[in-house]
Amino acid sequence: VEGQGSMIPMSAAEVPGLRHQAAQNIRHALAGLFDEKTLSLLKRSAAKRGRQRGRTAQARLRQSLFRTDSAQEGRPEDGLSGMPIDALSGLLDGYVDKDGATRPDPREEKAVEELRDALAEAVAFHEFQHLLNQDTFDFPSWTDGVFPDIPTSEGKRHALEEISAYLVTLAKGKDLRLVHLTQLTLFAFNSGLRDSAEDLAARVLLAALWDEARNDLRPIRRLKSNEELLIAFLTLSALPDAILGRLAEQSYARLMELPLPPMSRE
């Protein structure tokens, strides 16, 4: 959940319901993984990181394309609950005090390490799928119809590889699927990523998952409007983690025209 696509982009910050649902998704996912004590430690670590980021980078970040998290906006006590995706991105990097000396709390470090471990498994599946795609990759039959505006085969392949890898992330990312769904959605709402491989993948994936959820298997498509993107995100966010995983597996078979490759944590 790190990187520019994982923050709430300014172009999406005022979309009604998006910010609130993103926060809800992260809270729900973390509450399913950690007890109250660990969640408290994670929130405290996120708040410390947020205060530091506010002191050292406030001016630069306010001039950037992306909104800062709630702690940078004067509410450090909100931590994970105020702007969870950006807070997660921050706390995974640790924090530095105002004098530049790292002052970790061992209990917080342990909680953050548990979070890293939980995220790392899904990331490993994602990257392994990219490795598989390097060996053999066939364009699905719908490619040209959905990407007529992408002029090069390389551009289409990059988008398709991201579709494949993020579907594996959702299919295999047990207990954190809402986190990955939220990250994908923010790619599509980020004007700075428009027509990137991540943006294109998100628009195709959200359409496929949404259609699967409604048993409305229309031709493969790419969501264009913010209204459709938001409806798809809100609909999918209401589903249990296991159902999201099943929809991702079904969508992989439909989009990639292949069964989901077998993978395990071993």
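**Exercise 1.** Is the crossing of α5 and α7 left-handed or right-handed? Find the helices in this predicted model and describe how they pack.

*Solution.* Start with the geometry: α5 and helix α7 (residues 153-172) pack at an angle of about 145 degrees, and their axes lie 8 Å apart. Next comes the handedness: this crossing is right-handed. Now look at who takes part. From α5, the contact residues include Phe-125, Gln-129 and Asn-133, while α7 brings, among them, Glu-161, Ser-164 and Lys-172. Finally, sort the contact residues of α5 with α7 by class: five are nonpolar, seven polar and five charged.

**Exercise 2.** Work out how α8 and α10 are oriented to each other.

*Solution.* First, read the angle: helix α8 (residues 177-189) and helix α10 (residues 226-237) pack at about 175 degrees, with axes 11 Å apart. Second, apply the cut-off: angles over 145 degrees count as roughly antiparallel. Therefore α8 and α10 are roughly antiparallel to each other. Third, check the contact, where Leu-178, Leu-181 and Phe-189 are among the residues of α8, and Leu-229, Phe-233 and Leu-236 are among those of α10. The residues of this α8 and α10 contact divide into eight nonpolar, four polar and no charged.

**Exercise 3.** Which helix gives the largest share of the lining of the second largest pocket?

*Solution.* Begin with the pocket itself, which has a volume of about 220 Å³. Then list some of its lining residues, including Gln-129, Leu-132, Asn-133, Ser-164, Tyr-252 and Met-256. Two helices, α5 (106-135) and α11 (241-256), each supply at least two lining residues. The largest share, three residues, comes from α5. By class, the lining has seven nonpolar, four polar and one charged residues.

Conventions. Residues numbered from 1 in each chain as written. Predicted model: local features only at pLDDT ≥ 70, side-chain atom pairs only at ≥ 80, totals over all residues. Heavy atoms only, no water. Axes fitted to C-alpha atoms, helices over the stretch in contact; angles between N-to-C directions. Helix = DSSP H or I, 4+ residues; strand = E, 2+ residues; numbered from the N terminus. Parallel < 35°, antiparallel > 145°, perpendicular 65-115°, else oblique. Contact = heavy atoms within 4.5 Å. Nonpolar A, V, L, I, M, F, W, Y, C, P; charged D, E, K, R; others polar. 1 Å grid on protein atoms, 1.4 Å probe; cavity = no way out; pocket = protein on both sides within 12 Å on 5 of 7 lines; lining within 4 Å. Points joined across faces, edges and corners; volume = space filled by probe spheres on them. Left-handed = near helix turned anticlockwise from the far one by under 90°.
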